[in-house]
Amino acid sequence: MEHDAVTESTETGATLGRRIIVAAFDGWNDAGEAATSAIEHLLGETEYETVLAVDPELYFDYQYTRPTVENDGEGGRRLKWPEAVLRRPVAPRAGGTEFWILTGVEPARAWQAFAAEFIDVALREDVTGLVTLGSMMADVPHTRPISIFAGSDNDALRRTLGLERSAYEGPVGILSVLGDAAERAGIPMASLWASVPHYVAGHTPSPKATLALLDRLEELAAADVPRGTLAAEAAAWEATIDAAAADDDEMREYIRQLEQQRDTVDAPEASGDAIAQAFESYLRRSDGRDGRDGRDGRPDGRSR
């Protein structure tokens, strides 16, 4: 059954509406913890209540994602199980955009049933849009703005919001499964992917990538997204990597090459041949789908 609210928005110029689920998961889709850090930032901005928490017995492999034991602050200890939870704001602003938050651990099994649980709730609660947040390791310099791929399989949404259609073919994570389920149910979805410099894997989390995701989310949702101290954290993160590169000639030269490639692609006069030439070194190393750590390659099908 097609979602009535979505049909109405499509007829008047497709948008994501005013009740949007923002989703990100630990694991395969979260290089540099950029996506889950964006979610944690949103959760810290207002009070949320749980709408749905899945039964972990159905979806998680405890040998892969083990439960943990924690002190409860009262002298006792308790087990904490892997989870995936949908939350909504307790007191949403009248007339403003509501961000509902879906986050947790990427499930190990029964992905279609997992997605169906959340989409059923979304339909029941008149959710008007879905935005998935992901991040991937890529051959990009930390000294330039973080690249965000903003895409959608929804034709009307792409036209209205200026999104791209992904040409990627290959393995996917739970975000793609959720996005497909949403579109099939009539809830328009968009995906945002941040490219995190692969050579800074030890400098996690990556606040610069988190900030870039939130900047793009604000544009897509036409909503005010507070940034808090993220700008200062991003500057400190970049300065830390600058300091590390200053003592490593090989790393400094590699960053310089990445900067040249990025500047060539971003130049207004860049031709198709120049862009192809800039990415030639990426293609030599990978077809964009090798998935060495589950986060390499671009979701838009281009080279890393």
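Modeller: Go ahead. One cut-off before we start: buried means under 20% relative accessible area, exposed means over 50%, and partly exposed is what lies in between. And keep in mind that this is a predicted model.

Colleague: Then why is Asp-215 called partly exposed?

Modeller: Its relative accessible area is 30%.

Colleague: What makes Asp-215 and Arg-227 a salt bridge?

Modeller: The N to O distance between their side chains is 2.7 Å. The cut-off is 4 Å, so a pair with that spacing qualifies.

Colleague: And what does that pair tie together?

Modeller: Parts that are 12 residues apart in sequence, because Asp-215 lies in helix 7, while Arg-227 is in the loop between helix 7 and helix 8 (230-246).

Colleague: How do you know that Glu-98 and Arg-19 form a salt bridge?

Modeller: Check the closest N and O atoms: they're 3.2 Å apart. Within 4 Å is what's asked for, so the label holds. This pair links distant parts of the chain, with Glu-98 in strand 6 (residues 98-105) and Arg-19 in strand 1 (residues 19-26), 79 residues apart.

Colleague: What makes Arg-88 and Glu-125 a salt bridge?

Modeller: Their closest N and O atoms are 3.6 Å apart, and the limit is 4 Å, so they pass. Arg-88 sits in strand 5 (residues 84-89), and Glu-125 in the loop between helix 4 (111-124) and strand 7 (129-138), 37 residues away. Both also belong to a network of salt bridges with Glu-49 and Arg-124.

Colleague: How many salt bridges does the structure hold?

Modeller: There are 17.

Colleague: Last one: why is Val-200 called buried?

Modeller: Its relative accessible area is 2%. Under 20% is buried, so Val-200 is buried. You'll find Val-200 in the loop between strand 9 (189-197) and helix 7 (207-221).

Colleague: Which residues is Val-200 in contact with, leaving aside neighbours within four places in sequence?

Modeller: Trp-237 and Ile-241.

Terms used. Residues numbered from 1 in each chain as written. Predicted model: local features only at pLDDT ≥ 70, side-chain atom pairs only at ≥ 80, totals over all residues. Heavy atoms only, no water. Helix = DSSP H or I, 4+ residues; strand = E, 2+ residues; numbered from the N terminus. Buried < 20%, exposed > 50% of the residue type's maximum accessible area, 1.4 Å probe, protein only. Contact = heavy atoms within 4.5 Å.
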